[in-house]
Amino acid sequence: MTEHNKSTETDNHKETTDIANEHTQSTSRTKKRSGLVGSAIAIAIIIIIGGGLYYTHQQNIQLANENNDLKQQMSDLIEQQKTEKMRLDDLLSAHSALNDKTSEYQRQLDRRMQELQAHVTALSSSDVKNWLIAQADFMVKMAGRKLWNDHDPVTAAVLLKSADSSLAEMNDPSLLDIRKSINNDISKLATINQVDYDGIILRLNQLSNEVDNLRVADIHRDDAMMDEDNGEVSGDISDWQQNLSRSWKSFTNNFITVRARDGSETPLLAPNQDIYLRENIRSQLLIAAQAVPRYQEQTYKQSLDQVSTWIRAYFDVDDPATKAFLSEVDTLLNQHIAVEMPDSLESQPKLEKVMQTRVRSLLAQASESVLPETKQPEAQPTEPQPSEKTPIEPSTEKSTDRLAKPTHSATQES
């Protein structure tokens, strides 16, 4: 038992020793592993710190470069700002000079306005009404032009009525004689027969279009006349004389025809020559149409008379189309295109005399009264250049001539 216990204790001691050795070995292995992990962690930390420092250093370098670029841009902007400021100063100087010129221009306009206001003030209400005389004179002269140049009495009468209305607005008894003359002229124009020149031209053009519808006269119509028995010979011997006569007529009709001709016979017309005849007729109608607006009555009637002669000589006057054509030509021949117009207007010299005594003397007096009042001092703060002054400040005398220009031009037209 004792030995057995000893052996058991020995075994237990060995086991305990083995366990302790194993524990020591496992502890040493754990320590080794912990040391390796710590080293790895330390190395990783060192690497991370180094990378961070490197990144920070690179960022600092980049920021320094960007800062330098910003400084360079800032200096460029400062230089550009200085340049723009110089340009702005130049613009301000130019604007100041322009303002000075504008002020001078405004002063000149104000002076011109004062001159015009003084001119208008110089004209009293009674003098302003006298301008209606100039308007009436112009209307009468225009009526004369429409009457003698255009042969248009209707428009001339309308213009005379407008002139009478202008004089009526003045309510001046001294002008009653002129108004009476104007009404006499209107009455004379009312008696003139109106001619429809456009209608005549249209009718001539229509005749020109109808020339192709005319039928040429048959110059062989006498050759077609035969005896009623057509030259038949009877079988009776006792009718030998009649048979001989019929045979002779049949022979002569088939062999040769002899006819007596006098001045009334239709002249011979070669085949296909009617084309030229029709064109000649159209030409004469065109000449007549061109003579209408020129009031050339002799040329007009000669052309239509020639057309009438050719139609009756070469065309079938029994044809209905030819009859209608000739009837229209004869109607146009009886139409007068030259209308006698009055040699003068009774009211024109009277209005001209009033223009001389009233309106033009009024303008001369107004010009003399306005010029001393609107005289400006010679010394001016700034004088514009001659090239700028010319379109801005016309003289007072020119303005007065411009106001009187319609009357002067109307007088020249007469």
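**View 1. Residues 35-55, whose end C-alpha atoms lie 30 Å apart, form a span that is 100% helix and 0% strand.**

**View 2. A nonpolar surface patch is made by V37, I41, I45, I49 and L53.** The patch covers about 470 Å², and one of its members, I45, lies in helix α1, which takes in residues 2-122. Is I45 buried, exposed or partly exposed? With a relative accessible area of 44%, I45 is partly exposed, because that category holds values between the limit for buried, under 20%, and the limit for exposed, over 50%.

**View 3. Residues 60-87 are listed as "coiled-coil region" in an unreviewed UniProt entry.** In the predicted model, the chain over residues 60-87 is 100% helix and 0% strand, while the end C-alpha atoms of this span are 40 Å apart.

**View 4. The protein chain as a whole contains 14 helices and zero strands.** Of its 414 residues, 26% count as buried, and the accessible surface of the chain comes to about 29000 Å², of which 55% belongs to carbon and sulfur atoms. Among contacts between residues at least 6 apart in sequence, 79% join residues at least 24 apart.

Note on methods:
Residues numbered from 1 in each chain as written. Predicted model: local features only at pLDDT ≥ 70, side-chain atom pairs only at ≥ 80, totals over all residues. Heavy atoms only, no water. Helix = DSSP H or I, 4+ residues; strand = E, 2+ residues; numbered from the N terminus. UniProt positions renumbered as here; feature names shortened; annotations may be inferred. Patch = residues over 30% accessible without salt bridge, like charges linked within 9 Å, V, L, I, M, F, W, Y side chains within 5 Å. Areas by Shrake-Rupley, 256 points an atom, 1.4 Å probe, with all protein chains shown as cover. Salt bridge = Lys/Arg side-chain N within 4 Å of Asp/Glu carboxyl O. Buried < 20%, exposed > 50% of the residue type's maximum accessible area, 1.4 Å probe, protein only. Contact = heavy atoms within 4.5 Å.
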